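Hi,

Here is the structure I promised to pass on. Have a look first, and my notes follow below.

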Amino acid sequence: MNKNNLLFCYPDTLFNKFLPQALQIDIIKNFISKNGKEISFYTGENHFTYKKLGLFKKKLKTKPKIKGFVFFSFMQFCYDKKDNIKVLQNALTKKYEIYFAKEKIILKNINDFKKKKEDLFYYKKTNSEIINLILDSFLI
């Protein structure tokens with residue numbers, strides 16, 4: 001495996017009720033394989049870390065020798081009252097690429113982020129109904 005092709009994968013734990021993790025991973029693999037990437041490892045946030053992306057932040061601190069990270073959806077950055085945009089920017093500043101399979105978004109660098117920033121900013125407002133549905137069903 002070439003580290004320039006490897007991504008850590010984060011399926012959406014909250015979305016499991018609607019789309020099982022195995023199917024999320026199939027969708028993710030299909031998306032990233034079209035971009036010459038593959039999964040080296042996968043994990044998910046848990047009941048205590050999903051709002052602030054605690055496990056992702058912890059992984060970033062270890063400075064893994066990979067190309068980047070792939071998430072099932074940008075929605076994973078919207079589960080907290082505050083957006084986790086700064087976490088995303090931090091990863092890009094550290095030269096990691098970020099992929100969002102559901103939205104088919106690829107951010108290879110901070111310039112890509114700047115081009116998509118407005119779309120990402122409005123994502124939570126545009127998708128608030130489904131985000132709230134997912135949050136409500138997760139807490140039941």
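A salt bridge here is a side-chain nitrogen of Lys or Arg within 4 Å of a carboxyl oxygen of Asp or Glu. One of them joins the side chains of Glu-103 and Lys-102, at 3.4 Å from N to O. Lys-102 is partly exposed at 37% relative accessible area (buried is under 20%, exposed over 50%, partly exposed in between, with a 1.4 Å probe and protein chains only).

Before the rest, a word on the source: this is a predicted model, where local features need pLDDT of at least 70, side-chain atom pairs count only at pLDDT 80 or more, and totals for chains, interfaces and linings use all residues. Residues are numbered from 1 along each chain as its sequence is written, and side-chain values use heavy atoms, with hydrogens and water left out.

How many salt bridges does the structure hold? There are three. In another of them, Lys-52 meets Asp-80 at 2.9 Å, N to O. Lys-52 sits in the loop between β2 (38–42) and α2 (54–61), and Asp-80 in the loop between β3 (68–71) and α3 (85–93), so the pair ties together parts 28 residues apart in sequence. (Helices are DSSP runs of H or I, at least four residues; strands are runs of E, at least two; both are numbered from the N terminus.) Lys-52 is partly exposed at 48%, while Asp-80 is buried at 12%.

Then there is Glu-97 with Lys-67, at 3.8 Å, N to O. Glu-97 lies in strand β4 (residues 97–100) and Lys-67 in the loop between α2 and β3, so this pair links parts 30 residues apart in sequence. Glu-97 is buried at 7%, and Lys-67 is partly exposed at 26%.

Cheers
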